[in-house]
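Trainee: I am new to this structure. Please take a close look at a single part, the place where the two chains meet.

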There are 2 protein chains.
Amino acid sequence: MAKDKQKKPQRPKAAPPRGFRDYFGPEVIHRQEMLRTITGIYHQYGFDPLESSAVETVEALGKFLPDVDRPNEGVFAWQDDDESWMALRYDLTAPLARVYAQHRNNLPTPYRRYAVGPVWRNEKPGPGRFRQFYQCDADTVGTPTVAADAEICAMLSDVLEGVGIQRGDYIVRVNNRKVLNGVMEVTGLLNPSDPTIRAHERGIVLRAIDKLDRLGESGVRALLGEGRKDVSGDFTKGAGLGDEQTDIVMGFVSALRDSNAATCARLGELVGGSAVGAKGVQELEQIAEMVEAQGYGPDRALIDPSVVRGLGYYTGPVYEAELTFEVLDEKGRPRQFGSVAGGGRYDDLVKRFTGQEVPATGVSIGVDRLLAALDNRLTRADEVAGPVIVTVMDRDRMADYQTIVAELRNAGIRAEVYLGNPKNFGNQLKYADTRNSPIAIIEGAQEKENGIVQIKDLALGARLAQEITSNEEWKQNAAQFEVSRADLVSEVRELLARSK
Amino acid sequence: MAKDKQKKPQRPKAAPPRGFRDYFGPEVIHRQEMLRTITGIYHQYGFDPLESSAVETVEALGKFLPDVDRPNEGVFAWQDDDESWMALRYDLTAPLARVYAQHRNNLPTPYRRYAVGPVWRNEKPGPGRFRQFYQCDADTVGTPTVAADAEICAMLSDVLEGVGIQRGDYIVRVNNRKVLNGVMEVTGLLNPSDPTIRAHERGIVLRAIDKLDRLGESGVRALLGEGRKDVSGDFTKGAGLGDEQTDIVMGFVSALRDSNAATCARLGELVGGSAVGAKGVQELEQIAEMVEAQGYGPDRALIDPSVVRGLGYYTGPVYEAELTFEVLDEKGRPRQFGSVAGGGRYDDLVKRFTGQEVPATGVSIGVDRLLAALDNRLTRADEVAGPVIVTVMDRDRMADYQTIVAELRNAGIRAEVYLGNPKNFGNQLKYADTRNSPIAIIEGAQEKENGIVQIKDLALGARLAQEITSNEEWKQNAAQFEVSRADLVSEVRELLARSK
């Protein structure tokens with residue numbers, strides 16, 4: 001018999017699972033501030049917040065992820081103890097459809113709602129590609145009017161400017177799936193009397209166009225035709241279109257003209273006799289007219305047929321917000337920052353539950369990408385200020401120091417007492433430095449007796465430390481001064497105001 | 001051969017999984033406001049935000065849930081595609097221990113952090129008992145000083161008053177596990193030279209005391225002795241203490257005296273010659289002294305030996321915030337609202353990862369319970385205002401109506417255009433009612449021609465509708481008046497200010 005081996009208990013690894021990460025101090029604060037701005041604008045537009053559960057039944061979530069070919073469909077799923085399957089939401093749209101279907105009798109019609117929170121994707125993590133990330137959505141459920149789509153495009157524009165993207169640095173591109181369907185009809189890929197025919201090929205066309213940015217025209221042409229071999233040698237089967245059909249589709253993709261009106265006119269030619277295509281063009285004309293009337297010219301909201309969005313569930317207008325300024329990619333080459341938000345009309349999501357078509361349209365903002373864009377674009381004037389540190393000179397008088405911080409806090413000043421080992425005063429100042437503290441307060445036994453405290457201006461100290469002078473003592477002392485204990489709060493407040 | 005039965009595709013059920021729920025409009029807004037207040041106070045105290053991933057490895061989470069007897073340990077867990085197990089966090093403390101162990105070289109010492117977010121428990125759902133709920137924690141990691149514990153007790157008191165709980169309606173009770181350990185030593189349940197002996201019985205004692213509220217003294221006595229049969233007939237095995245030992249433990253639980261000093265003196269008698277017990281009493285004395293010096297008297301922070309907290313990992317001071325006002329329970333009987341927050345010192349959680357002891361202490365606020373308390377306590381003056389509704393009299397002039405809402409929004413007024421079917425004007429007003437709108441704007445063809453708009457004061461209209469008069473026409477008209485189109489924004493602003 002084998003002897004039981006007594007194993008030393010192994011320590012758990014201090015790391016999150018693959019593809020997950022943590023966010024610290026300023027990262028959390030900046031995101032919160034941005035989300036507060038965005039949801040504030042959503043709210044101004046009349047949208048109400050909704051926070052649905054992070055966990056949904058697998059059947060309610062459905063299969064709407066763009067990456068339809070993955071075996072586990074991109075979600076984190078597990079079985080409940082009654083054997084039913086549940087999963088973490090992968091976006092905020094599928095839960096909205098479920099919530100609306102469930103509560104529609106108690107919700108206003110139309111229902112404008114916004115939502116913000118993390119979503120989870122069971123995907124292969126990569127650099128900058130995480131399996132948990134934030135979305136911030138706004139949707140209007142229950143109305144077919146394209147005024148709802150126009151409103152969301154205008155709102156998206158307001159949001160981007162609200163968070164600090166300059167006009168001219170972004171563009172909201174608008175297209176319409178109905179126009180694409182019209183083009184598909186012209187090429188023979190869509191038979192309006194039986195849409196199930198060649199649905200698979202249409203999906204390939206859709207995803208091919210969506211990759212125009214990345215693959216260029218020749219790559220898309222290959223995918224529209226026989227197929228495409230990528231650099232790794234993998235072959236992706238194409239939609240099998242002939243040259244003439246491919247030309248029509250590529251004509252659609254490149255139908256952008258000098259004005260929204262000219263673009264719509266060109267699209268009208270392309271969809272020829274297709275009824276759905278003509279309807280799509282008319283909707284684009286209406287959207288263009290409405291946003292332009294409100295002052296959102298083509299420099300902000302632009303009819304652009306090259307935008308199709310990868311998701312299969314869109315049924316009408318689609319839109320995408322791109323940041324147009326250049327950044328350097330990982331290889332140091334300049335490229336446009338690209339997409340930070342997108343959405344469109346989806347009239348069938350609620351129908352899955354209720355059997356009745358419920359028209360809906362909405363946008364999702366990629367919060368982390370937009371934050372990255374702002375980090376890239378701005379020099380942050382609003383660095384998060386550290387607290388005033390009250391140092392500990394005499395560990396038996398902790399209550400005195402706590403009283404000082406309480407006074408400061410009651411005056412609205414962020415402050416804390418040093419709680420590490422107070423023995424080494426240098427360590428206390430090092431700690432203040434780590435915390436980005438503007439000021440340290442010192443009250444030794446002598447000061448206590450004399451009714452005074454020392455105020456150390458750490459910001460000034462840091463600046464003086466840069467200066468070239470042989471008078472080290474002066475440097476040490478210039479940034480420190482004593483005040484009456486009674487004046488402490490007002491002196492600190494004044495110093496903070498001055499250093500702003 | 002059995003014939004394949006062609007099944008009609010089944011519709012998914014529009015409901016979240018068992019034990020999950022959604023939060024709408026005002027619920028989300030009120031929670032956001034409360035969390036903003038709480039985290040604002042945490043921030044003032046020098047705590048920095050941390051947002052860790054919602055998903056952790058199962059090994060990092062460990063087994064620290066109070067309900068140690070459940071087979072699945074109370075977490076939602078699943079396997080990643082590399083077979084490793086991951087799980088949704090069940091609290092915010094276990095992730096903090098992991099994060100601190102991982103990043104300790106880049107974090108200040110001590111590290112004060114706050115965190116807010118949902119946590120998940122794989123428990124049997126019940127009325128008001130959900131499997132996803134919010135916590136809002138503050139912890140200080142890396143310092144053994146009880147000044148850190150005192151700070152958290154004071155902060156907890158500030159937080160409760162900050163969110164609107166009146167002084168006198170809450171109490172922060174403080175105890176110390178070291179004192180309990182001293183009592184255990186006196187009763188022979190703890191041998192300081194080998195703490196593994198009788199650890200199981202000590203766990204039973206701990207959980208028995210924690211149930212004092214629910215079971216009363218006799219119930220706890222039964223659990224300390226042979227065991228207890230509950231109303232359903234289920235028998236829970238007790239700790240097996242003799243009568244004398246039980247008397248000592250019950251003496252500890254009821255050691256509360258008139259003042260913190262008297263309570264500490266009584267505890268000193270009970271722990272007799274136990275070194276750890278004496279240390280615990282000394283720590284309680286220090287905490288009492290510090291919070292009292294800052295003005296947090298025993299009406300706010302009270303040394304109370306009946307509080308032990310159920311969690312096994314606490315090693316020193318423990319604290320619990322209770323709301324003391326009465327509410328009616330589900331059977332209509334008055335009872336105290338009870339606990340809304342709790343915490344304590346845990347010096348071993350980080351050690352699991354690093355092998356080195358890292359002292360830490362912190363508090364967790366049960367956000368949903370505190371919200372429920374506020375709902376119960378306050379008449380909400382701050383109802384969430386609905387948007388101004390711009391009605392649609394002529395569907396071809398949608399751009400005009402959108403221009404009106406844009407003007408209102410630019411003036412900081414929440415406003416939206418009606419996007420439902422505009423045919424029936426009554427439906428538009430019903431919608432405004434659902435939305436809790438204060439004002440509706442009307443601009444028909446005639447008004448447009450004359451350069452005016454109608455303003456309908458919906459709040460006044462609702463009040464007038466209550467009044468008894470036969471003059472229905474007067475009622476209809478009194479709440480509506482016309483203004484010049486140019487004055488629209490200023491008139492709406494004035495009306496909103498007046499109705500506040």
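Mentor: Glu51(A) stands opposite Tyr23(B) in β1(B). This pair belongs to an antiparallel pairing in which strand β2 (residues 48-51) of chain A is joined by two bridges to strand β1 (residues 23-24) of chain B. Strands here are DSSP runs of E with at least two residues, helices are runs of H or I with at least four residues, and both are numbered from the N terminus; two strands pair if DSSP finds at least two bridges between them.

The model is predicted, so local features need pLDDT of at least 70 and side-chain atom pairs count only at pLDDT 80 or more, while totals for chains, interfaces and linings use all residues. Residues are numbered from 1 along each chain as its sequence is written, chains are lettered from A and ligands numbered from 1 in the order in which they are written, and side-chain values use heavy atoms, with hydrogens and water left out.

Now the interface as a whole. Contact, meaning heavy atoms within 4.5 Å, involves 95 residues of chain A and 94 residues of chain B. The size of an interface is often given as the accessible area lost when the parts come together. Between chain A and chain B the buried area is about 7900 Å², and carbon and sulfur atoms give 54% of it; buried area is the accessible area (1.4 Å probe) that two parts lose on being put together, summed over both.

On the side of chain A that touches chain B, helix α1 (residues 25-44) of chain A gives the most, with seven residues. By class, that side has 47 nonpolar, 24 polar and 24 charged residues (Ala, Val, Leu, Ile, Met, Phe, Trp, Tyr, Cys and Pro count as nonpolar, Asp, Glu, Lys and Arg as charged, and the others, Gly among them, as polar).
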